[in-house]
Amino acid sequence: MTLDTATAVAWITRAAEIIRADESRLTGLDAAIGDGDHGANLARGLAAAVTSLEETQPESPGKALMAAGRGLVAKTGGASGPLYGTGFRRAGKELGDGTDATGVGDALEAMLRGIEEIGGAVQGDKTMIDALAPAVAAFQEAAGNGADLHAAAVAAADAAEAGLAATVPLQARKGRASYLGPRSVGHEDPGAASTALIMRALAEVTAP
Amino acid sequence: MKKLINSPDAVIPDALRGLAAAHPGLNVDVENRIISRAERTPGKVGLVSGGGSGHEPLHGGYVGRGMLDAAAPGEVYTSPVPDQILAATEAADAGAGVLHIVKNYTGDVLNFRMAAELAEDDDVRVVSVVINDDVAVEDSTFTAGRRGVGGTIVAEKVAGAAAEEGADLDTVAQLAREVNERSRSFAIALHAGTVPAAGKPGFELAGNEVEIGVGIHGEPGRQRGEFAPVKDLVGYALDAIHADLPVSGDVLVIMNGQGGTPLIELYGAFAEAADWLQGHGATVARNLVGNYITSLDQAGFSITVTSLTDELVRLWDAPVSTPALRWGV
């Protein structure tokens, strides 16, 4: 299986659905150590991304991810709009024609690099990077060992969820949670939580 | 939740419609969420600010002669998006470039940066000044850094006055930076505000607790403290400010309410602040007492202290005509 245009669109659509369904949990996580709007913002941004896919009818999976990224930047606001938006745009640019597991691994790495570049966070800062970086590593390792797209995506989603769990003892160094200092310890990071959901969406839509 | 709203989704458009009705001298684009001055002065540096809604009168209430040219309000407690900031920048551009005054939050900084890049593509020169005056946050190069709070109002007023006088973009930007360097703020909350879409307060405090070093988005502060008389709470805040940037000479003080604090209490708090500052050898040369940068219905206060120069006093005193600040006109 490859990440064809329909699957790329299905990924964004499914991510929008599960973020919407989990909006109150994300908002609850954000209320504990941030300002309590992550679920609502991302649900609105992903809904805009889905609308932008319906309107533009992209002709390639790369263009689909880029259109989704533009929708996220245009409608999400906050930090997550530019971060996820840039991530999806970079992934889409990188994707090109190589849409097998290796190609998608490269695209996910481009997503990670883009988010690191504009957000300035590194692993351990208690941000979405703590879910995304291990997810990308797991995806690429699986793909390198010959896993197909779905198996690699499952490995990535599992790694993202483990990365999310690992944010609990961390003290935030970036984002609004950083204002709490030591009081940010003991909570899951909401950005890592939404990243885990987005990676799970990819695993679901690539299932045979 | 009881609020004077029609529905959580309608809060921002309804408030913008009201702003337009109350201030016909402003252009209020309810659809695209941009507040701008009706008239443009050719060759004047444009000033744009913006940020999440819920902090009114910041920023839309500071649009007008002698202050901002345009403001972009985001969703409640959420930064505006790049296209919106770009449109505000274009509305403010009168050929001499545009200053972005940005409060230091990751979302605001990122969205303003993307908008500035888009504006530069359209040949509008943009300089950004990031305000980070909140001493409650530990500053470090490894973190998101300090938040921008009450010092933003002083920066917008001083830079706006300089732009009105015809100063160029670099001069106006430098004045905003100088205000930021000379300003420090600290806030204490008695109870959290309620975001309309969330329906419940951002944090819960027991009857004898206060949130110390609280931010402007209902995000919890650096610690919980014990409720105390206003003299002690104001003293705690000023101690924190003084420890970071010792106060002396002429200062501007903003005794700001967070949205849910009666003015009678703010005046009591200001009396304590004036006594404290006098006891530390500083003189309150200028002041504001009231709701200037709020957090919906959060109860509590923030204090901003700006160490003044003759030039800053002159620019502060210059005429201003906006919904929230108006003098000399």
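The C-alpha centres of domain 1 of chain B and domain 2 of chain B lie 23 Å apart, the domain bounds being taken from an automatic or database domain assignment. In that assignment, domain 1 of chain B covers residues 8-182 and domain 2 covers residues 183-314. The structure is a predicted model, in which local features need pLDDT of at least 70 and side-chain atom pairs count only at pLDDT 80 or more, whereas totals for chains, interfaces and linings use all residues. Residues are numbered from 1 along each chain as its sequence is written, and chains are lettered from A and ligands numbered from 1 in the order in which they are written.

Between the two domains, 25 residues of domain 1 of chain B are in contact with 30 residues of domain 2 of chain B, where contact requires that the C-beta atoms of two residues, placed from the backbone, lie within 7 Å. On the side of domain 1 that touches domain 2, helix H4 (151-164) and helix H5 (169-182) of chain B each supply at least two residues, and H4(B) gives the most, with five residues. Helices (H or I, at least four residues) and strands (E, at least two) are DSSP runs numbered from the N terminus.

Chain B holds an open sheet of six strands in the order S1-S2-S4-S3-S5-S6, with mixed pairing; two strands pair if DSSP finds at least two bridges between them. Its edge strands, each pairing on one side only, are S1 (26-29) and S6 (126-131) of chain B. Strand S5 (residues 98-103) of chain B and S6(B) are joined in the parallel sense over six bridges, and B:His100 stands opposite B:Ser128 in S6(B). Across S3 (46-53), S5 and S6 of chain B lies helix H3 (residues 106-121), which runs at about 165° to S5(B); axes are lines fitted to C-alpha atoms, for helices over the stretch in contact, and angles run from 0 to 180 degrees between N-to-C directions.

A further open sheet of chain B has six strands in the order S9-S8-S7-S12-S10-S11, again with mixed pairing. Here the edge strands are S9 (223-226) and S11 (282-290) of chain B, each of which pairs on one side only, and the twist averages 25° from one strand to the next. Strand S12 (residues 299-307) of chain B is largely enclosed by the rest of the structure, because eight of its nine residues are buried, a residue being buried if 20 or more other C-beta atoms, placed from the backbone, lie within 10 Å of its own, exposed if 12 or fewer, and partly exposed in between. Eight bridges link S12(B) to strand S7 (residues 183-191) of chain B in the antiparallel sense, with B:Arg184 opposite B:Val305 in S12(B). Strand S10 (residues 249-257) of chain B also pairs antiparallel with S12(B), over seven bridges, and B:Leu252 stands opposite B:Thr306. By contrast, S10(B) and S11(B) run parallel and are joined by eight bridges. Helix H7 (residues 263-279) of chain B packs on this sheet, touching S10, S11 and S12 of chain B, and its direction makes about 170° with that of S11(B).

Chain A contains nine helices and zero strands. Of its 208 residues, 66% count as buried, and its C-alpha trace spans about 45 × 40 × 30 Å along the principal axes.
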